[in-house]
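Please open the model in your viewer and keep the selection panel at hand.

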Amino acid sequence: MGHGRPIATTRSATGIPTARLAIWWVLASEIVIFGGLLSVYLMHRLGHPEWAAAAAHTQTWVGALNTFVLLTSSFTAVLAHQAAEKGDGKKAAKLLGFTILGACTFLVIKSFEWANEISHGYTITANTFWSFYYTAAGLHALHVIAGAIIMGYVAIDAYRGRELHRVEIIGIYWHFVDVVWIFLFPLLYIAK
Amino acid sequence: MSEKNTRSDEHGHDEGHHDVPYFKIYVALIILFLISVAGPEVGEATGLRWITLITAFGIALVKARLVINNFMHLKWEKRLMKWMLTASLIMLGIMMAGVAPDVMNHEGNNWVNLAAQAAVERGLEDDHGEESEVVTVVEAQPVGFSAEASFGMICATCHGAGGLGDGVAGAALDPSPANFTDPVFWETRDRDRVLIAIRDGGVAVGASALMAPWGALYDEEQLGQMADYVMNFRPNQ
Amino acid sequence: MVPDLSWLFPDLVQASTYAHQIDGLIFWVGLLVLVWFLAAEGIFFWLIWKFRAKEGQKSQYLTGKEKHVKRWITIPHGLVLICDIFIVWGSVMVWHNVKQRLPEADTTIRVIGQQWAWTFQHPGADNELDTSDDIFTVDDLHVEVDKVYHFRLESRDVLHSFSVPVFRLKQDAIPGRSITGWFQPTMTGDHLVQCVEICGIGHGVMAARIHIEDANQHAAWMSAASAATTP
Amino acid sequence: MADTLVDVHHDEHHGPSGILKYIWSTDHKMIAMQYMFTGMFMAIIGGYMAYVFRMQLAFPGISVPGFGQVSPGEYNALVTNHGTIMIFWVAMPVLIAAFGNYLIPLMIGADDMVFPKINRLSFQIFLVSALILLASLFVQGGGFGGAWTSYPPLSAMSQYNLTDLGSSLWLLAVALEFIAFLLGGINFITTLMNSRAPGMKAYDIPLVCWMIVIASILFMLSVGPLIAGAAMLFLDQTLGTGFYDPARGGDPILWQHLFWFFGHPEVYVVLLPAIGMTIDVIATFSRKKIFGYKLVLYTAVATGVLSFFVWAHHQFIAGIDPRMANVFTVTTLLISVPIAEMCFVVIATLYGGSIRLKTPMLWALAFMAEFLVGGVTGIFLGASGADIYFHDTYFVLAHFHYTFFPIAIIGTFCGFTYWFPKMFGKMMNDTLGKIHFWGTVIPFNFIFIPLFVLGMGGQHRRIYNYQHFPELAGPEMYLLRQVATIALLVMLAFQLVFFYNCIISWIKGEKAGRNPWEANSLEWTTESPPPHGNWPEGLPNVYRGPYEYGHPDRETDYWPQNEPG
């Protein structure tokens, strides 16, 4: 609205920049959302040994490929942060572009994987394991999509040398999305 | 932001960058990742299940720690942050501890979760057979609509399977549910009125409010079939 | 020392062995709570009256940091804790007796909730459930006085709650689970059974009756009911 | 904020004009007012629902004026949405969002929230959620009627609840509302942590700000599992998954745990802001320093932490393992210790004061007096043995109305009448205010004391007509129900006095000036109402805590936080 940033935003009584403080709080709330879902899944999984049979139908190598993609995109995100710290907005934008590419790759792989599974009859209503599988991965994928879109905005700004501190903020969020997948991968794919 | 009566707190005064060997950490992450993928193979080959568990979840923890500490720079963050993230994890732990006795266990002090036990048994039996191609698919709603099945599932609770108004739940109702085999009942009814009653509830035709509206559950075609089914109970004049 | 609400609710008798325990617990908790409540409200209103604004009088500057002032908070604080311990002790004792313990049963019945009626499965003459002579009734539960009953609580569709106010008994029925509880009636009579967990639009009609009979009446009912069900 | 000194009164020229100016405003005070009035509008709807079903209960079967005959389905939808609206669309937006938005920046000497646009987004999501909820009442099948706790399988399957669309929309509205408050909460927490005026230390922050922020943290840490649970329930409703369906390996108890893991802290989420406002008002009008500032703060934190350990006392008889009930009885009774201590501190603050019984003070005192009733009756329900009898009776209902009514209604009126001069620049009429006060508080007791008695008599909840329960259909029972209903009608009628008072005071009330109550905290050091940017002459510095009343070294009995020396 043309008022610029309020003075309130520029203060830092804790010594932590406001945006970073806020993103940590966002993550604290995300931890309980994902954590709630995953701990519920874990309880069911431990109570239902027969789910191993359903889990055997997940394709580990697809999950593994996606893990690799996300780890790499996290790596480029942190390099972007490094570049932004040095004030190199163009390089930061380019590296963020790689991260967005990683996000898209992840989603493409995911959609092929899901299409394959659904065509074999493993739909979200097939049994409760599959319900959890699609819900947890779907919630994660929503975060990937949201992260990629926001990252696009940050990258455009960074390319023009504006709001470079946001590169770090979106990076922290992206690493969190990565960490969630780090736990989803063994929970949904490896434990059979 | 021309006027500044506070100390200058622009973002510039941040602690500055950290010298983290990002590439080395990335390589370490990839190696750990490969181990976690290979884990189950080793576990299966040696028959030691705990290897899989350690490579899967132990390594996940290590990887998460590496990312959080070095990529997210939590290592250099103020103590306050670490506390609040820990707090959210502790809250989760409390939740799990309180919920698990009921949800994870299938029996306990004076209760037993028969449905879950049956599900486990069913599933394990399936597993012993040959590679089951498709997991038993249970649809929430019957795929093909059948007026008879719907009547049996929903209406019969009160109206009885034979339409005599003698369903289990109907016994307590006042006024009691309609008896579709009663000629007196049909003196004032026709198919249209039955259809409206099914769709919009008893109130819509000036009858008991305990006859619920079902329009939200079925489409017009299905409602028509239901009405026809009810008409079948009508004794021949 | 048990409260008697019969002057207000003549129907609310204590008809099970643990009814007076629960009432007693409520009574003692009520007594403790009443003392605290009256003390707090009394002091509260007295202070409002005593320290109302008066012309030319300035308020006192008390920080609440001095030890002798803090006592006014710390001592009641400790007393609350002590009262809590008594209440916990009492309620755990009662809870254990009603919900955790299962005394040896004379008879086991099954209680099934569904939208919007109770089905009661009585074991019949052989006193064993799930045999051919079981007697099924809808919305009428027949029990014999002084016998210890176990009930298996189940539900066919949604959550229901089996509540017998005169027994002070209440337990939710959950689809998929079988929950066991017990009661021992101490007097004969006809009483209300309610569903107290919302179960849909017919929740308000889901009432049943419990008929507590002496041995002769119960035997008479059972032979009549068996005769009616045997083809 | 640019050119604050010159431009502050011509703020309208920036940005869009007309009504859009209000809708798209990022000013924290404007957003606070939007929350406040949306909340009050929803309160009117919630009150109307209460009127309809209380009439049905007292005079079953009559055609309720303004509604018509109440069918069982409609009755369930009314009680369900009354509860949902009053907690999620009245108590939360007014106590946390409206007062939090209005007070936090003003009280800590900042010009706005740290993220004004996220703040606006939060309100917009909230508004959408409110509209969805209202829409859910008018879809085919009617509004959701499975109680505000929404236990599956009833809530999960349309063949059981008969409100196919209504229940999904209800759930969607609640989930969106959670997201709105997560966004708002992050804003509150970050603002308080980072944007305090120079010189303001942690213990110089007015308690109401602390309370709102602690409440936001509680909300944030407890709501996560329920958001996940709500997503699962939504999939159960729409796609037909079986998360809560026992026939397919799901578990209905799970929802109860997830719901109450959030639901119990939620009680404290709304309680803490209300108690914070009460404490501020009591300090101002008794001209006293708080009896132990840190004590209040620590007890609030202790209450908040403990509130995560007590949730299953809502489920004692709901089919959880009976052994767990013992654990939760202990923790539940333990939580009475910090809450009692907080009440003691408030009572002790009155000692040695010079109490001015203005309208806001009356509300604050009424909050304490009435909340004590709610507090002590909670002991019966926390004690597992006694709860066997009281569970799901009107005793429970009366108990939580004795906590929620003081919180959401009395607390709101306390804050609203206290800050009205600041919000609108005019004094409220004190006589009308007192008429409204007595006309609300006295009938309130006449509504719920009869319901306590009915609950002891075994009257259970959510029954549209007691005709099928002969023991509960006696004339003395109906007399009690009618007393409650008539008291409600009286109370609702007296709210007209409030609205009249608001309008008449806003139009022709006397000018308030900067500091009509002679209070210390920072919001009273700027104009009434504060302009955009809050302090046109420059943001204040802070030199002391907010409760320095009656200091012996001072001529006057108050000492504003921003006065040097």
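Begin with the strands of chains B and C in this predicted model, where seven strands form an open sheet with mixed pairing, in the order S1(B)-S2(B)-S8(C)-S5(C)-S1(C)-S2(C)-S3(C). At the edges of this sheet stand strand S1 (107-108) of chain B and strand S3 (135-138) of chain C, and because each has a single partner strand, one side of each is left without a neighbour in the sheet. As background, the strands of a sheet pair through backbone hydrogen bonds, in either a parallel or an antiparallel manner.

Within the sheet, select residues 107-114 of chain C, which make up strand S1, together with residues 117-122, which make up strand S2 of chain C; the two run antiparallel and are joined by five bridges. If you then display C:Gly113, you will find that C:Trp118 of S2(C) stands opposite.

Next, select chains A and B together, and look at where they meet: 55 residues of chain B are in contact with 53 residues of chain A. On the side of chain B that touches chain A, the elements giving two or more residues are helix H1 (22-46), helix H2 (49-71), helix H3 (79-103) and helix H4 (114-128) of chain B. Which of these helices gives the largest share of that side? It is H3(B), with 13 residues. Coloured by residue class, the side of chain B that touches chain A divides into 37 nonpolar, 10 polar and eight charged residues.

Stay on chain B and colour by pLDDT, for which the chain has a mean of 77, with 80% of its residues reaching 70 or more. Among the elements of chain B, strand S2 (residues 111-112) has the highest mean pLDDT, 93, whereas helix H5 (residues 147-159) has the lowest, 77. Two stretches call for caution: over residues 1-15 of chain B the pLDDT is below 50, and this stretch has 25 contacts in the model beyond near neighbours in sequence, while residues 129-143 of chain B are also below 50, with 15 such contacts. Where pLDDT is low, the predicted coordinates should not be read in detail.

Finally, select chain D, whose secondary structure comprises 16 helices and zero strands. Its radius of gyration is 24 Å, close to the 24 Å that the globule rule gives for 565 residues, so chain D is as compact as a globular protein of that length. The C-alpha trace of chain D spans about 70 × 50 × 50 Å along its principal axes, and 70% of the 565 residues count as buried. Among contacts in chain D between residues at least 6 apart in sequence, 82% join residues at least 24 apart.

Terms used: Residues are numbered from 1 along each chain as its sequence is written. Chains are lettered from A and ligands numbered from 1 in the order in which they are written. This is a predicted model: local features need pLDDT of at least 70, side-chain atom pairs count only at pLDDT 80 or more; totals for chains, interfaces and linings use all residues. Helices (H or I, at least four residues) and strands (E, at least two) are DSSP runs, numbered from the N terminus. The radius of gyration is taken over C-alpha atoms; the globule rule is 2.2 Å times the number of residues to the power 0.38. A residue is buried if 20 or more other C-beta atoms lie within 10 Å of its own, exposed if 12 or fewer, and partly exposed in between; C-beta atoms are placed from the backbone. Two residues are in contact if their C-beta atoms, placed from the backbone, lie within 7 Å. Ala, Val, Leu, Ile, Met, Phe, Trp, Tyr, Cys and Pro count as nonpolar, Asp, Glu, Lys and Arg as charged, and the others, Gly among them, as polar. pLDDT is the predictor's confidence in each residue, from 0 to 100. Two strands pair if DSSP finds at least two bridges between them.
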